[in-house]
Structure formats: structure tokens, C-alpha cells
Amino acid sequence: MTHKTHKTYMTINERQDEIIEEFQELDDWMDRYQMLIDMGSEQQPLDEKYKTEQNLIDGCQSRVWLQADLIDGRIHFQAESDALIVKGIVTLLLRVLNDQTPEDILSADLYFIEQIGLREHLSPTRSNGLLAMMKQMKLYALAFQAKN
């Protein structure tokens, strides 16, 4: 076995469980929305060069840009939205799926969305946007997997 120094990556499920725990500490949905907004505002802004038509996600009411790059066999996602809550949702998805392998992303069951009650507390248009973002991330994973 060769010993390379490499970052240890949390699995998708470990990351989901961490998010579920954070949300369980807040009973009130207004507090949870506030947490989403805070997460979104702490997020690194997306480089202007990635804010292209091509990176816009169809099916989102607000504008969401998603950039994906394959780096050392893992997909590095960067994203931004011009709506605060949506930016928070994007941040959650990035936390779970960023720097994972295409295979892991494709086989991921994103149960945290149900468990933190996100889907039931989003408006139908935001909920559709969330599904559109997840779909786009999986499409990137599929494309990168096919290239390999």
C-alpha cells in the first residue's frame, strides 16, 4: 500500500448526518430559515466568469449558477444564487456533494432533505428548484463518469 498524504473526505452520509444534527438543535422553522440564510451569506461568492447562461440551472425560479470541475477523480462544485434562502439550500447541497466521486454522487440517497423537513417547508417553486439542482449535480456526475 502506498502512503500518499491526502485529505480524508467525509462520506456523503456522514455529511448528511452532521447537517441533520445541526437542524435538530433548532425547533422553530424561522430559526432554520435563518440558519439557511446565514449559511448562504457565508458562502464564497462564485467567480464572475462562471456566471454564464450555460451554468444557470433550469427549473429554478431564482437564478442559480453551478460550476463543476473534476479534480483528482472528485467533483468540485461551486455555486451561487441571487436569492438568500436558495443560496442556503445550494450551500447545503454543496456541503454534502462537493469533492465526492461521480460514483458516490450518483448512488447517493439524499435523505437529509426529508429528515430536516426542508421539502415540506419550501414553497413548491423552491422545492422544484431544489430538485433541479440535485438533478444537475447528478448529471455532472454522470458526464464525468462517462468521460473516465
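In the predicted model, E18 is partly exposed, with a relative accessibility of 35%. The side chain of E18 takes part in a salt bridge with R95, in which the closest N and O atoms are 3.1 Å apart. R95 is itself partly exposed, at 25% relative accessibility.

A salt bridge is also formed between R95 and E22, with a distance of 2.8 Å between the closest N and O atoms. Here too, distant parts of the chain are linked: E22 lies in helix α1 and R95 in helix α3, 73 residues apart. E22 has a relative accessibility of 25% and is therefore classed as partly exposed, a category that lies between 20% and 50%.

Across the whole structure, six salt bridges were identified. Among them is the pairing of E114 with R119, whose side chains meet at an N to O distance of 2.5 Å. Both residues are partly exposed, E114 at 46% relative accessibility and R119 with a relative accessible area of 28%. Through shared partners, salt bridges join E18, E22 and R95 into one network.

A negative surface patch was also found, formed by E14, D17, E21 and E25. Of these residues, E21 is located in helix α1, which spans residues 12–24. E21 is classed as exposed because its relative accessible area of 52% is over the 50% cut-off.

Notes
Residues numbered from 1 in each chain as written. Predicted model: local features only at pLDDT ≥ 70, side-chain atom pairs only at ≥ 80, totals over all residues. Heavy atoms only, no water. Patch = residues over 30% accessible without salt bridge, like charges linked within 9 Å, V, L, I, M, F, W, Y side chains within 5 Å. Areas by Shrake-Rupley, 256 points an atom, 1.4 Å probe, with all protein chains shown as cover. Salt bridge = Lys/Arg side-chain N within 4 Å of Asp/Glu carboxyl O. Lys, Arg positive; Asp, Glu negative; His and termini not counted. Charge placed at Lys NZ, Arg CZ, Asp CG, Glu CD. Helix = DSSP H or I, 4+ residues; strand = E, 2+ residues; numbered from the N terminus. Buried < 20%, exposed > 50% of the residue type's maximum accessible area, 1.4 Å probe, protein only.
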